[in-house]
Amino acid sequence: MSGDLPLNINIKEPRWDQGTFMGRAQHFFMVTDPRNVLLSSEVLEDARVTVENYRLGNVKPGLTEDQLWRAKYIYDSAFHPDTGEKMLLIGRMSAQVPMNMTITGCMLTFYRTTPAVVFWQWVNQSFNAIVNYTNRSGDAPITVNQLGAAYVSATTGAVVTALGLKALTKSLPAIMGRFVPFAAVAAANCINIPFMRQRELKYGIPVTDAEGKRLGESSEAAQQAIVQVVVSRIGMAVPAMAIPPVIMNALEKKAFMKVRNPKHRLISSISLNLFCLFLSGSRSMKVSSLEPELQERIRQNNPHITTVYFNKGL
């Protein structure tokens with residue numbers, strides 16, 4: 001049943017122009033809106049039905065364009081773009097700000113003792129494993145053994161890196177020790193993401209045309225996607241893990257920060273991370289960069305297509 005709302009609104013793409021800074025910022029704030037983690041199952045299901053019905057040409061009577069876009073962003077925040085399954089709560093984009101600012105704040109505050117380093121690196125990599133699995137690209141299942149190998153490898157890599165750098169920085173200025181968590185997180189990302197998504201490297205991820213029609217699976221696209229995610233994850237950690245150490249090091253020299261109770265330092269560190277996180281989708285590649293057999297298939301069936309698109313994951 002068609003309503004008054006036109007059926008030509010492209011809800012596959014962001015609402016705002018991604019060619020402008022403000023457009024990207026508005027899209028980012030909508031995607032990471034922490035309030036979405038509080039939405040009930042009924043609200044999520046209603047958004048799913050609204051979006052899927054609209055794509056089929058069925059518009060709920062009285063539905064406005066603003067309501068449609070709101071439903072689209074709620075749907076995107078909770079359901080996997082390839083599988084359509086509801087994602088784990090703490091692995092969703094809407095949980096990134098509260099989870100990351102808390103964990104990062106704790107890593108930057110409790111870095112002085114070995115037990116604290118081990119514990120918070122373990123917590124961080126446990127969270128990362130959930131995020132990487134929840135936001136994997138493609139619809140191929142991942143085995144329990146693969147999950148376990150990725151989790152253990154990343155956690156071990158992060159802890160070994162953190163403890164090794166912690167030992168090396170003992171003779172260096174105190175501020176250098178504050179950068180140990182960042183180095184450990186960067187090293188762990190290089191291990192965790194490829195391991196967690198190794199099935200994609202073997203079997204490929206779906207590639208589509210501009211309209212979203214599936215053209216096949218590509219391992220080349222998977223490699224590009226995973227490299228982009230690793231680089232972007234490390235880059236995203238810079239504002240939250242490289243800037244606060246400098247500020248906290250200066251603040252702790254002030255009289256009001258020279259306290260024995262670490263809760264004051266923790267609150268300050270988390271607040272700085274929240275600020276930096278707020279300062280801090282889909283990708284494409286040429287058909288000529290795909291595997292030869294996939295290139296041939298696309299050129300035979302869709303000779304006009306020169307660019308394909310894929311979900312790189314979070």
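Gln96 is found in helix H4, which covers residues 96-109, where helices are DSSP runs of type H or I with at least four residues, strands are E runs of at least two, and both are numbered from the N terminus. Because its relative accessibility is 12%, Gln96 counts as buried; buried means under 20% relative accessible area, exposed means over 50%, and partly exposed lies in between, with a 1.4 Å probe and protein chains only. Between Gln96 and Val131 there are 35 residues of separation in sequence, while their C-alpha atoms are 8.9 Å apart in space.

The model is a predicted one, in which local features need pLDDT of at least 70 and side-chain atom pairs count only at pLDDT 80 or more, whereas totals for chains, interfaces and linings use all residues. Residues are numbered from 1 along each chain as its sequence is written, and side-chain values use heavy atoms, with hydrogens and water left out.

The chain holds 13 helices and four strands, and 45% of its 314 residues count as buried. Its accessible surface comes to about 16100 Å², of which 62% belongs to carbon and sulfur atoms; such areas come from the Shrake-Rupley method with a 1.4 Å probe, and for residues only the protein chains shown count as cover.

Lys86 has its place in the loop between helix H3 (65-78) and H4. Leaving aside neighbours within four places in sequence, Lys86 is in contact with Ser41, Leu44, Ala78, Phe79 and Arg92, where contact means heavy atoms within 4.5 Å. Lys86 and Asp76 are 10 residues apart in sequence, and their C-alpha atoms are 9.8 Å apart in space.

| Residue | Relative accessibility | Class |
|---|---|---|
| Gln96 | 12% | buried |
| Lys86 | 42% | partly exposed |
| Ile243 | 40% | partly exposed |

Ile243 lies in helix H11 (residues 243-251). Together with Val246 and Ile247, Ile243 makes a nonpolar surface patch of about 220 Å². Patches are made of residues with over 30% relative accessible area and no salt bridge, with like charges joined within 9 Å and nonpolar side chains (Val, Leu, Ile, Met, Phe, Trp, Tyr) within 5 Å; a salt bridge is a side-chain nitrogen of Lys or Arg within 4 Å of a carboxyl oxygen of Asp or Glu.

Helix H5 (residues 114-134) and helix H8 (residues 180-196) pack at an angle of about 35 degrees, with their axes 10 Å apart; axes are lines fitted to C-alpha atoms, for helices over the stretch in contact, and angles run from 0 to 180 degrees between N-to-C directions. Among the residues making the contact are Gln121 and Tyr133 of H5 and Pro181 and Met196 of H8.
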